[in-house]
Amino acid sequence: MTKQAQIEQMTSGAGFIAALDQSGGSTPKALRLYGVEEDQYGSEAEMFDMIHAMRARIAKAPAFSGEKVIGAILFEMTMEREIDGKPTATYMWEERGVVPFLKVDKGLAEEANGVQVMKPMPELDALLGRAVKAGIFGTKMRSVINAANPEGIKAVVAQQFEVGQEILGHGLLPIIEPEVTISIADKAQAEDILRAELVAHLDALPEGQKVMLKLTLPEVANHYKALVDHPKVMRVVALSGGYSREEANDRLSQNTGVIASFSRALTEGLTADQSDADFNDTIAGTIESIYAASVAG
């Protein structure tokens with residue numbers, strides 16, 4: 001029953017996916033934006049304690065619920081920790097009505113052919129096994145496209161779908177994320193190539209299999225409508241990618257059927273020294289604005 005309820009929520013629920021999956025490399029920046037400087041923690045362990053405290057504070061905010069936040073992407077260490085005495089994934093679903101996902105990639109390889117594919121993931125099988133036991137619904141993995149290079153983009157999409165098959169084999173739903181860097185001069189051309197590659201791989205998926213796609217907000221509104229409507233796609237979500245929350249929301253609202261999966265734009269304006277009342281008011285306003293943009297299309 002839980003799995004079916006989660007499938008229904010992710011397929012047709014109104015709302016967006018919160019990205020709470022900053023990894024070790026991006027955690028110092030996330031904490032700095034939260035008002036916690038590097039001299040305030042003396043070790044990596046303390047750093048991860050602080051980022052978990054921030055994520056738990058977000059998850060416990062009254063506005064953070066399945067009414068508007070239909071899913072949340074967790075970092076591996078977050079999955080392995082608890083919120084209020086419950087494993088994080090269990091807490092998300094049972095207490096907040098939010099479907100839990102897990103970031104599974106181990107970062108990016110060096111750039112080649114204008115892209116960065118994912119680093120090898122030799123421990124992926126074991127991680128997916130732990131995710132299933134923890135009650136995780138799906139996964140997310142990120143590659144980066146820095147140029148409209150057909151060979152590079154082909155490699156990114158091929159790797160994403162290859163790893164996606166392993167994830168599907170564990171009964172988990174993969175979120176495929178080939179991020180297009182927002183500052184590149186040939187962004188629109190890269191998006192044309194990416195769309196064609198994604199359609200080709202989706203068409204080749206075996207019957208009964210579905211994936212989700214997490215994509216950079218495109219230069220042309222509704223550029224990814226064919227992906228939104230594709231029978232092998234459960235949902236298309238958008239990353240904020242460095243856009244301000246205001247611009248990300250504005251772009252998102254122009255793309256029919258696409259919902260948000262924001263990270264930095266979600267935590268914008270939150271600080272460690274805010275009172276609980278101010279923190280909860282701020283996150284409530286943020287959730288409302290991202291929700292409105294997600295359902296606007």
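This is a predicted model: local features need pLDDT of at least 70, side-chain atom pairs count only at pLDDT 80 or more; totals for chains, interfaces and linings use all residues.
How do the residues of the lining of the largest cavity divide into nonpolar, polar and charged?

1. The largest cavity. The lining residues divide into eight nonpolar, two polar and no charged. The structure holds one cavity of 30 Å³ or more, and the space in the largest cavity comes to about 40 Å³. Its lining is made up of Leu 215, Thr 216, Leu 217, Pro 218, Tyr 224, Val 236, Val 237, Ala 238, Asn 255 and Val 258. Two elements, S9 and strand S10 (233–239), each give two or more residues to this lining. The largest contribution is that of S10, with three residues.

2. Ala 221. This residue is found in the loop between strand S9 (211–216) and helix H9 (225–228). Met 47 is 174 residues from Ala 221 along the chain, and the C-alpha atoms of the two are separated by 39 Å.

3. The stacked aromatic pair. The count of aromatic pairs comes to two. In one of them, Phe 48 and Phe 75, the ring centres are 6.0 Å apart and the planes stand at 25°; because planes under 30 degrees apart count as stacked, this pair is stacked. Phe 48 belongs to helix H3 (residues 44–60), whereas Phe 75 lies in the loop between strand S2 (69–74) and helix H4 (76–79), so the pair ties together parts that are 27 residues apart in sequence. Phe 48 and Phe 75 are both buried.

4. The edge-to-face aromatic pair. Phe 101 and Phe 137 form an edge-to-face pair, with 5.6 Å from centre to centre and 80° between the planes. This pair links distant parts of the chain, 36 residues apart: Phe 101 is in strand S5 (residues 99–103), and Phe 137 is in the loop between helix H6 (124–134) and strand S7 (138–145). Both partners, Phe 101 and Phe 137, are buried.

5. Charges over rings. The charged end of Arg 57 sits over the ring of Phe 279, at 4.1 Å from the ring centre.

6. The largest pocket. The volume of this pocket is about 950 Å³. It is lined by 36 residues, of which Gln 22, Ser 26, Arg 142, Ser 263 and Arg 264 are the closest to its centre. Helix H2 (27–33), S7, strand S8 (173–180) and helix H11 (264–267) are the elements that give two or more residues to the lining. The largest share, three residues, comes from H2. By type, the lining residues divide into 11 nonpolar, 12 polar and 13 charged.

7. The second largest pocket. Its volume is about 180 Å³. Among the residues that line it are Lys 3, Ile 7, Thr 11, Leu 168 and Met 234. Phe 137, a member of the edge-to-face pair, also lines this pocket. Helix H1 (residues 2–12) gives the most to the lining, with three residues. The lining residues of the second largest pocket divide into six nonpolar, four polar and two charged.

Key
Residues are numbered from 1 along each chain as its sequence is written. Side-chain values use heavy atoms; hydrogens and water are left out. Rings of Phe, Tyr and Trp (its six-membered ring) pair if their centres lie within 6.5 Å; planes under 30 degrees apart count as stacked, over 60 as edge-to-face and the rest as tilted. Helices (H or I, at least four residues) and strands (E, at least two) are DSSP runs, numbered from the N terminus. Buried means under 20% relative accessible area, exposed over 50%, partly exposed in between (1.4 Å probe, protein chains only). A charge sits over a ring if NZ of Lys or CZ of Arg is within 6 Å of the ring centre and within 35 degrees of the ring normal. On a 1 Å grid over the protein atoms alone, a cavity is a set of points where a 1.4 Å probe fits but cannot get out, and a pocket is an open set with protein on both sides within 12 Å along at least five of seven lines; lining residues have an atom within 4 Å of a point. Grid points are joined across faces, edges and corners, and a volume is the space filled by probe spheres set on the points. Ala, Val, Leu, Ile, Met, Phe, Trp, Tyr, Cys and Pro count as nonpolar, Asp, Glu, Lys and Arg as charged, and the others, Gly among them, as polar.
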